Amino acid sequence: MTETIATAETYSDTLLGFTLQGRNARGRIVRLEGVLEEVLSAHSYPAPITHLLGEALVLGALMGGLLKGEHAQMTMQAQTNGGVVRLLVCDYRAGAVRGYADFDAERLAKLGANPSLAALFGEGYLAITFETEGRQRYQGIVPLEGDSLAAACETYFSQSEQIPTLIRVASRSGAGGRTAAGLLVQHLPDGEEGRERLHVRMDHPDWEHVAILAGTIGHDELLDPALSLEAIAWRLFHEEEEVRVQPGAALTRGCRCSTAHYEAIIARFPADEQDEMRGEDGVIAVDCQFCSRSFALAI
Ligand SMILES: [Zn+2]
């Protein structure tokens, strides 16, 4: 049994990656505190939406953290027909996470403090898109079923990528602020990622073993600010031959909105359509839904 000793331990707003070489498994752990506050502070969402977005941001970091390269991006989009939450979007690129939700506030208020995923979305689907550093795009769409967004993401990996994956997410808001945290573990039976996976079996004995250990993680452990992410990996897998941990990207609230960004988009519209977008002052006003900033475009 060996452990790779990290020079500094990881607590919040940083990704931690780990591999279990002997089991062909890899994982990510993340705990969001300041970044979560920052994203949420751009909105004045009611508690159930705050909770949902916190979970989505953790999932974004866990799944996006599987990618390599500063241009690689992961986007998750939950959408429904006629659901109380019409749209939930979250994305990740190079450690930057952002997200927002569009919902019917009146109908939401009638659902109580802790509505189920089904109550929030009704019949919905979850689209997950990975764009690699080399601009290759993979998209999978799965029904928004199960108890949580995390469960729908597990379904994405098993159905669209045939990669057995376990995901746990926990969140809490209290006097000390908000925290959301999660663990993702997955089995790569043929070792290195990106290789053709010919022998995927959800009942592979190595995976069953890893999933049982990973499944023992408690919400309190994920959320405990005094427990490092390395300590969590170690608690779960200390009986394994080797647990290799690697601190990943520092996480930030990132948005790519800017006046230049929106001007470039608007410039693609024909002049008469641009004129229709203008206010009485001749200025085109655009709002970024991710961070609730307004931009006045003088084009
Ligand atoms: Zn923005």
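Biologist: Which residues is Met63 in contact with, leaving aside its neighbours within four places in sequence?

Modeller: In this predicted model, the partners of Met63 are Met74, Met76, Ile128, Phe130, Cys153, Phe157 and Leu184. Contact here needs heavy atoms within 4.5 Å.

Biologist: What makes the set around Met63 a nonpolar core?

Modeller: Members must be buried nonpolar residues joined through side-chain atoms within 4.5 Å. The largest such set has 63 residues. Met63, Met76 and Leu88 have the most contacts inside it. Helix α2 gives the most to this core, with ten residues.

Biologist: How many residues are in the second core, and which does it include?

Modeller: That core is separate and has 26 residues, including Leu20, Ala214, Ile217 and Val245. In soluble globular proteins, nonpolar side chains tend to be buried together.

Biologist: Now the rings. How many aromatic pairs does a search of the whole structure find?

Modeller: Seven.

Biologist: Why is the pair of Phe18 and Phe237 called tilted?

Modeller: The ring centres of Phe18 and Phe237 are 5.4 Å apart, and a pair needs centres within 6.5 Å. Their planes stand at 35 degrees. Stacked would need under 30, edge-to-face over 60. So the pair is tilted.

Biologist: What does the pair of Phe18 and Phe237 tie together?

Modeller: Phe18 lies in strand β2 (residues 14-20) and Phe237 in helix α8 (residues 229-237). The pair therefore ties together parts that are 219 residues apart in sequence.

Biologist: How do you know whether Phe18 and Phe237 are buried or exposed?

Modeller: Buried means under 20% relative accessible area. Phe18 has 1%, so it counts as buried. Phe237 has 0%, so Phe237 counts as buried too.

Biologist: What makes Phe130 and Tyr156 a tilted pair?

Modeller: Their centres are 6.1 Å apart, with 35 degrees between the planes. That angle falls between the cut-offs of 30 and 60 degrees, so the label is tilted. Phe130 lies in strand β7 (residues 124-131) and Tyr156 in helix α5, so this pair ties together parts that are 26 residues apart in sequence. Phe130 and Tyr156 are both buried. Ring pairs link Phe130, Tyr156 and Phe157 into a cluster.

Biologist: What about the second largest pocket: which residues are the closest to its centre?

Modeller: His51, Leu52, Glu55, Asn114 and Ser171, of the 30 residues that line the pocket. About 580 Å³ of space lies in there. Elements that give two or more residues to the lining include α2 (47-64), α5 (149-160) and β9 (165-174). By class, the lining has 15 nonpolar, ten polar and five charged residues.

Key:
Residues numbered from 1 in each chain as written. Predicted model: local features only at pLDDT ≥ 70, side-chain atom pairs only at ≥ 80, totals over all residues. Heavy atoms only, no water. 1 Å grid on protein atoms, 1.4 Å probe; cavity = no way out; pocket = protein on both sides within 12 Å on 5 of 7 lines; lining within 4 Å. Points joined across faces, edges and corners; volume = space filled by probe spheres on them. Helix = DSSP H or I, 4+ residues; strand = E, 2+ residues; numbered from the N terminus. Nonpolar A, V, L, I, M, F, W, Y, C, P; charged D, E, K, R; others polar. Buried < 20%, exposed > 50% of the residue type's maximum accessible area, 1.4 Å probe, protein only. Phe/Tyr/Trp six-rings, centres within 6.5 Å; stacked < 30°, edge-to-face > 60°.
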